[in-house]
Structures are given as structure tokens and as C-alpha cells.
Amino acid sequence: MTVSFELPSGKEVTIETGKLATQADGSVVVKCGKTMLFCSAVSSTSVREGQSFFPLSVDYQEKFAAAGRIPGNFFRREARLNDYEILTSRLVDRAIRPLFPKGYMFDTQIIINLISLDEEVLPDALAGLAASAALTCSDIPFEGPIAECRVARINGEFVVNPGRTELEDADLDLIVAADSNNIMMVEGEGQEVDESAIIEALKVGHEAIKTMCEAQLRLKEMVGDRAITREVEAQPENEEVHQYVDNAIRAEVLKVAQGELNKKQRKDAFKKVKEDFKAKTLEEKGEEWQTENKELLSYYYDKVQKNTIRMMVLEEGKRLDGRAFDQVRDIWTEVDYLPAAHGSAIFNRGETQALTSLTLGTKTDKQMVDTAYETGYDDFILHYNFPAYSVGETKPMRGPGRREVGHANLAARSLKQVLPDDMTHTIRIVSDIMESNGSSSMATVCAGALAMMDGGVEIKRPVAGIAMGMIAEDGKIAILSDILGDEDALGDMDFKLTGTSEGITACQMDIKIDGLPYEQLEQALHQAKEGRLHILGEMNKTLAAPREDLKPHAPRIVKLIIEKSYIGAVIGPGGKIIQELQELTGTNINIEEVDGKGHVSVASNDKASIDDAVARIRKITFTPEVGEDYEGEVRTIMPYGVFVDFAGKSGLLHVSEISHSRIENVEDVFSEGDTVKFKLIDIDERTGKLRLSRKAIMPKADGTMPTKEEYMKRSDEGRSGGGGGRRDRGDRGDRRGGGGRGERRGGRDRRNRDDD
């Protein structure tokens, strides 16, 4: 069974079911061009004992065979998910998770595999469609369908699911998830775009998604009985218990919520309310009733507490910590905190604190990225760590989880937009969250920008981030700036925005309610801009622009661009020359070919060492230009002129070019080792031999300087006549019997020099 539809760009997308993995509850293959995604959806029919949360897992994995490649790891097989696969899994998870029934506790697994790859069709934009289609064609309870698509602004035009090559020219790149009526998830980046561009992109993406949802419904009709949703026991409701809980705790919860307490005080106060409630229930209802209604009591306790706080915010216009809706928490910042790092910063906002370090490396420090599409290298790395102590808890150290990978990616995308165009270093930023009460990823963005500026990285502008929230009920809406962790948990929207004073660099949005009007979204964007500018102002009080120089102990890198033909000369046979250069100068030298040129990076903590290495490389790669003035050293004196060495090259300064007056004996003018200034007047196209002229830079008898036409004319005459009018001297030498030998010795000497 197959359905097809066409994207606004003209690309055809096909969804097929019933051919692969028919024992799964639902399975589909989504195809666009040569890109094919297989997706399966399976949900268990029994709940594990004591299950208290919805156990949904979404795993997107790329098969290397899809691109005709063998994995580059030791085992030569697909292993743990890489960061790209984790990020794509998160895009799907965040879009579909809110659409399962409340209280649905059945183990559910979504597996998405890239099984064929078209180099121009990006699979991440189709993963959400594949997951939704598999669920829609199954009997699993799912309030879909939904779909995801990419919207990019390319040369001022919005394009849905552009090709990989097209995307390189985009200044805005968003992934949008929605159903036919509501947008529920947005993530992407932009090159300092304005708020109106985000709104327009969402509208374009939503229209395309409506077509995708319609196609899934057509496919569901074809599937027939198999797609009839299984019966699931509804969330238990007991008005008597609900009313009992409401009467017992609402007033106490409200008292704590109105107390403007800090995180720990509020946590302890709510804990006491819960303990008092348990004791009261035991006293009034008895142990048997309490045990019998344990799950209902827990369910209604959380529901009443959440509702009480939400109504306080909406009706009293008051937040948990007493701030106004658009007020940002108090901020303090510090830079240069870690003396051994190449740059560092602390960003503290309320009870959220990020300690961020900057490390500058060379090209050998690039991170290898091995995906099905290609093996590449990344020279900007950002790692985000969220240790348990940041929230006063204990937890085993298991390495970064999906949340850490997602937050790091958002922060990295935010900061990448302002990196210098001619970045020479590999940059690694590490953000350790020291304490957290909401918006730690946004604190990472702020601290990361400060750390780079502290380290002398010439970013274009500082970047700040802010997390927005929203509470909406009964027609009332409160949009909250710089949300707390508790406000995130009880709110209806988590909207993170980062940017400079000029525009937005990245965004991430999750909406938990239906029917958010674009007007409200626009209000949230503009309120976020005000908050972002305020935060930038606070950051500027500490450091407003990059420092003029790197830290004294940071590696310095000088970049040279050489002709492709000289790459081999610098490297040498078996790397001999470049290894000798590194050993002699104490530097780290890297060469890579980019756009037909050799890009040479010379790195060291010592400026003198870099200067030495650069001078040696310039000597190897020096290309003299006709008409330019140079200075060299006389190496060999012959009757007909002198051979001059300069910048690793050798050329002939003929006796006729030494002076405007006649020179009878060259040795009367020069000795070996003398320094001489001259102009290069010709390079023989056939042999590569260099002709030099000293008199071209000397005043004539009338005090005037020779013109370009004059010395170039002599050069032409020299090529055609062999000596530019001075052949008689050579002839006399031949007749004397010594000149011929001199010429032959000179010829051998010049050949050796040309070989050098």
C-alpha cells in the first residue's frame, strides 16, 4: 500500500506500508529521491509493575550501507548512536511524545533506520514523518498524524526540504513539527535573522505539513482494520478523592507559591506540605483507605498543585519568585577566572550558573565526524556537562546523555554564527553547570561568548540566550521571560532563543497545548528580544568585545596560503621537510588543500618560533615577480656577471645590467658575499632562469630613473640577442681562449643552481 504527495519544491515523497516488518504494530518506508527511511512502531500490551512514567524510546540510526560506505570504527559495524543520530532522535521524540494519551504507561519503541541515501535529500527532515506514519498505520493510541519538515530561507525565498547543496546558501534553517492545526516543535539556526523571518518560516512549513498529514490519513484508510486503535483503560477519575485532595492542600500550596522563596526553600516547603498531607490522610482516612487510593492520591496531588500555581500566575499576575512576567533574574558575570585556560567565564543568572572554559588548538585537534554521508572534521566543539550536584542530588557518572548532547548542540549552533570567517584555531568550549534552576543551556551560550571574548577570539558580536515560557488556560495567557525550572515543568511552552544585538542565531521551541495563535508566538518572540538585549547589556558590563590579543600561554597560529605546486616542496619526500621544519622551529605545521591552494597553519606559543617557521616556508615557496625589487647576496662572480641568491632563488645579474656605465671587470664592483639590490626584469619561460638588473633601480646620468618600458625592452633584447648588446665582450673572451671555459664553467654552475 502506497501513497504519494508532492512538496512545494516539486519533490515527490512516497509512504509505503505492508511490505517490510509486518509483525511490528506499524511499519513504513518513506522515500524521497534515493533517500529511504524505514520506521517501525511497537507498543507492549501490558504495563510493568510500578510503572510511573511513559516509557517511550525513539532511536534514529543510519546504516552505512545506505551510502555505500563501511563504518570507520575498529569493529566496522554500526555502534552506539553518534551525536547527529541522537539529535535526530530527539527531534522526533519531542514532536510525538505529547500526543500519547495521558496515563499511557505501555512500553513503546520507535526505530527509524536510514536504509538508502540520496546525497541531496537530507533524512532528518523526513524522520518525523516516518515515525508518525508508522504510528498512524498501527493500533497504538496516538493523537496524530503529525509531520516534520525543514524550512530554509535561501536568497530571500523560503524553501521546504531544500537539497544539501541548496542549504549551504541558507541564512535561516529550521525544522518544524506540527499536525494539521497546531505547531508543536521548532528547532534551528539563523545568521542573525529578525523575528518576522521565524514567523514566516513557520507559516510556510505548516502549510507543507498539512499535505503530509493528509497523505498519512489516506494511507490509514488503506490499512483498514489493522489501524483501528486498541482500547486502553482511561486515566482513573474519582471526584471524591479529587475534592478531598483539593480541600486538603490548595491553600497550603498557594501559601508556598506566594512566598517568593528561592529554589531550596520552595522545595523544602512543598516537601513539608506533602508530608503533612500524608499524615493528615492517614489520621482522617486510615491506612487501608490511604493504601487503596495511593495512586489516585498521588495523581490528584500533582494535578492540584500544578493547577494552583498556574491559576496564581494567571489571576494574580505573580510568579513563584515574585518577578514580573517580562523580568529577567539578577545577573552577574566574571571572566578570566581560570588562569591556565585560554579563556574562561562565569555566567550567573538567579540560581543558574555556568562555568565555561575555552581551549584553543591546532588543526590536528579537529574532531572527526563519521556519518553515513561522509567522514569530516569539525573545528568548533562545544561540550555541556550537567552534573548531579548542580541540583543538589547524587547520580552515577555515566557520561553525557541525550539531554547533554541536545543542549550542547543548541549552544554550539548559537555561537557558530558569530565565529570569525578566517578562524585559524580549533576551538573547544566546555560548559560545566555548577547550579541549575532553569535555562542552563542559555547560560552556556552567554558564558561561551564571554569565554571566547576573554580568550581573544574575534567573534563578530556577543551572543546571549533566554528561555521563554507560557501558561494558558480559560482564555488567559501569561508569557514568561527567563523561566524557572518549576515554571518549565508546569507551563505550556518552552521556547529558547539566542542571538546578538542584530538578530536571532538559534531557537528551540516545544509547545504542550493546542491552538497557539501566531499573535501569541510573535509576542513571545518580541518579549524574548527585550530580554536578550537586557542580558547582553549585563554581559557588556564585564566584557563588551574580544580582547586584543590571545592569552600569553595560548597557541598562536599564523596562516599562509601557497600555490598548490609548492605543497609537495614544503612537505618533502615522506614528510622529511615539514618534520625538519617543526623540529628546527619548535612549531606545529599543518597543510591542507582548499580550493586549489595550499593552506599552511603554523602554531606555537612562542611568536619568535612562528616567525622563524614562516620565514623558512616563505623561502621554500617564494615566487619572484617580474618588475619587483629584491635584495640578495652575491654567490658567484663570472666574467659576464654575478649570480645572486635571494629568498631561496638564484638569478644572473649580467655585466650589462650592473651599471649605466661600462664595467670592464666585474670583480672591481663585487666580491662574493656582497649584498646587492636589484629588480627582476625577466623569467625565461622555457628554463625558468631569472634575469636581474641593478641599473634598473639606479638613477641615470641626468638624474632620472629608468622607466619600466626601458628595462623591459632590454629584457626582450636579452632574450632575443643573448646578451643585450654586450656579445662582443663574450666574443673577445672566446678569442682569448679563456672566455669559452668561463662560459662552460658558468653554465655548469647555473645548472646546479637551477636544480637547487
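Trainee: How many cavities of 30 Å³ or more does the structure hold?
Mentor: The structure holds two of them, where a cavity is a set of points on a 1 Å grid over the protein atoms alone at which a 1.4 Å probe fits but cannot get out. This is a predicted model, in which local features need pLDDT of at least 70 and side-chain atom pairs count only at pLDDT 80 or more, while totals for chains, interfaces and linings use all residues. Residues are numbered from 1 along each chain as its sequence is written, and side-chain values use heavy atoms, with hydrogens and water left out.

Trainee: How much space lies in the largest cavity?
Mentor: The largest cavity has about 60 Å³, a volume being the space filled by probe spheres set on the grid points, which are joined across faces, edges and corners.

Trainee: And which residues line the largest cavity?
Mentor: Its lining, meaning residues with an atom within 4 Å of a point, includes Leu7, Lys11, Cys32, Glu120, Arg150 and Asn161. By class, the lining of the largest cavity divides into seven nonpolar residues, one polar and three charged, where Ala, Val, Leu, Ile, Met, Phe, Trp, Tyr, Cys and Pro count as nonpolar, Asp, Glu, Lys and Arg as charged, and the others, Gly among them, as polar.

Trainee: What about the second largest cavity, which residues line that one?
Mentor: The second largest cavity, with about 40 Å³ of space, is lined by Lys363, Lys559, Asn590, Ile591, Glu592, His599 and Ser601. Strand S23 (588–594) and strand S24 (597–604) are the elements that give two or more residues to this lining, and S23 gives the most, with three. Strands here are DSSP runs of E, at least two residues long, and helices are runs of H or I of at least four, numbered from the N terminus. The lining of the second largest cavity divides into one nonpolar, three polar and three charged residues.

Trainee: Switching to another serine, where is Ser138 found?
Mentor: Ser138 is in the loop between helix H2 (124–136) and strand S7 (147–154), and with a relative accessible area of 2% it is buried. A polar atom of the Ser138 side chain lies 3.1 Å from the backbone nitrogen of Ile140. Leaving aside neighbours within four places in sequence, Ser138 is in contact with Asp25, Gly26, Arg226 and Ala227.

Trainee: Now cysteines: how many disulfides does a search of the whole structure find?
Mentor: The search finds zero, a disulfide being a pair of cysteine sulfur atoms within 2.5 Å.

Trainee: Last one, is Lys271 buried or exposed?
Mentor: Lys271, in helix H6 (residues 263–292), counts as exposed at 53% relative accessibility.

Terms used:
Buried < 20%, exposed > 50% of the residue type's maximum accessible area, 1.4 Å probe, protein only. Polar contact = N/O pair within 3.5 Å; in protein donor to acceptor, adjacent residues only side chain to side chain. Contact = heavy atoms within 4.5 Å. 1 Å grid on protein atoms, 1.4 Å probe; cavity = no way out; pocket = protein on both sides within 12 Å on 5 of 7 lines; lining within 4 Å.
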